[in-house]
Amino acid sequence: MSSLGSQAESPSVLDDFRILLSEQKHMYACGGRIPIAESTNESEAEAPPSLSAEQPRQSDPVTIRWDVSGLLNVDESPCRRLTLPITKQADHDALSGLIKDCQPATFGSGGQDVYDETYRKALKLNPDAFCSTFDPYSLGIVDSIAQILLPSFLDSTTHRAVEARLYKLNVYSGPSGMFKTHVDTPRSPMQFGSLVICLPVEHQGGQLKVRHKGEETTFDWSMLANQGKTPHIEWAAFYSDCEHEVMEVSGGNRLTLTYNLFAVRGVGHLTGNSLAIDPTRLPLYHAIEKMISHDPFSGQGGTLDFWCSHAYAYNHEKETPLPETLKGVDAAVWESFKALGIDVKIAPMVKLDDDEMLLAAPEYVVGKKFGVMVDRFLRVNRFEGYNDCLQNGHSELQIVYTAYDNDAVADTMYSRCAILANLPVKDSTASR
Ligand SMILES: O=C(O)CCC(=O)C(=O)O
Ligand SMILES: [Fe+2]
């Protein structure tokens, strides 16, 4: 078996493929807007469901109920409510009450929960202190996320689905609410993304910027008073290893619900009408097929190693979040090789320390097993002979530890991986 960098014999086929990989559009974020229906007396449960594709989905006004802290009078109701959008003075008063009952929002830095208004200026409610009528499933948001960020592949062995778990209610208030650049702390190795819902409350500024490999997407949800537009809910979802930030809110209150997104076991194809992607229809599949037909190892067999385009959360050997949580182009590479009948594996990328680098030239090698320690030392065995990887055309550091997370949980971290595709030795008699 040979590794790609040292022993492959047809570099031009591989160079072509390298360029194609670097040009893949990376779908790392998606979003949308849902108009809010005028409130009627008919509750959502009583309204007939609409299956018409022409009729855009609408949300009912959103009601939030929360626990009031610090009550002196025991007879006072310990629960308050706010319905959005705001239509009357009582709603303004309820919003002020909600803001008063929130706590300062912390973030994770160096494994500690930190409150630092120069990095994050926001308020929060934990999910045990509030509930809301908002439902990202019935509005189709979770389905949309599954199609864009965690697509299912036809005949794949990894039937995966998306679960959105409510994480926080946040308020970023003008004139200076913001959250500087960070990545979201993975709550488990199965977490792959984050969802932000912006509720219809007047505010200016507070754009969410999400970045991945030099690309940036901005979600601008500023909502001005008396704008005359139908009030709406805005949403954005992104891979939580992507760096993101909330710009300064210059006025008003930016009220959000955040959800953590997990890959869970799906049920496969229930109706024959599934939205599954056929890997053989992907442009990447044909490029891989072509590369294999040119045989970069000249019949000797060998292993092609790919640096994954995204970072993945894992912490120990028992939990195996891969390949179930593979994202974007990484999932496409994996499924294309599988569809071509090629044996594929996933392995961690390991950064060698200075002593080891004196003996082994490359800075990174492919590790044999997952096992990132909480103290951030990598305890892995190395694959012999796998020391060079086909990069996805970018030069960012492959093992990513960002000092600023949205929470201080240190038992799961992001790290880089490689996909290893084993091309078999060609049987010389078979082609005669
Ligand atoms: O409110 C947003 O748009 C993003 C918030 C965020 O990044 C977080 O809570 O971790
Ligand atoms: Fe975040």
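I call a residue buried under 20% relative accessible area, exposed over 50% and partly exposed in between, using a 1.4 Å probe and protein chains only. The structure is a predicted model, in which local features need pLDDT of at least 70 and side-chain atom pairs count only at pLDDT 80 or more, while totals for chains, interfaces and linings use all residues. Residues are numbered from 1 along each chain as its sequence is written, chains are lettered from A and ligands numbered from 1 in the order in which they are written, and side-chain values use heavy atoms, without hydrogens and water.

**Entry 1: cysteines.** I searched for disulfides, defined as pairs of cysteine sulfur atoms within 2.5 Å, and the count was zero. For Cys 30, the nearest cysteine sulfur belongs to Cys 242, 11 Å away. Cys 30 is buried, at 11% relative accessible area. For Cys 79, the nearest cysteine sulfur is that of Cys 131, at 6.6 Å. Cys 79 is partly exposed, with 36% relative accessibility.

Entry 2: I took as donors the N, O and S atoms within 2.8 Å of the metal (3.2 Å for Na, K and Ca); water is not among the atoms, so sites may look incomplete. The iron ion (ligand 2) is coordinated by NE2 of His 182, OD of Asp 184 and NE2 of His 244, at 2.0 to 2.1 Å. Asp 184 sits in the loop between strand 11 (177–182) and strand 12 (191–198), and His 244 in strand 17 (residues 243–265), so this pair ties together parts 60 residues apart in sequence. Strands are DSSP runs of E, at least two residues long, numbered from the N terminus. I found Asp 184 buried at 6% relative accessibility, and His 244 buried at 3%.

**Entry 3: Ser 188.** I located Ser 188 in the loop between strand 11 and strand 12; Ser 188 is buried, with a relative accessible area of 17%. A polar atom of the Ser 188 side chain lies 3.0 Å from the backbone nitrogen of Met 190.

**Entry 4: nonpolar cores.** I defined a nonpolar core as a set of buried Ala, Val, Leu, Ile, Met, Phe, Trp, Tyr and Cys residues joined through side-chain atoms within 4.5 Å. The largest has 60 residues, of which Ile 145, Leu 169, Ile 197 and Leu 255 touch the most other members. Strand 17 gives the most to this core, with seven residues. Another core, apart from it, has 33 residues, including Leu 21 and Tyr 285.

Notes:
Helix = DSSP H or I, 4+ residues; strand = E, 2+ residues; numbered from the N terminus. Polar contact = N/O pair within 3.5 Å; in protein donor to acceptor, adjacent residues only side chain to side chain.
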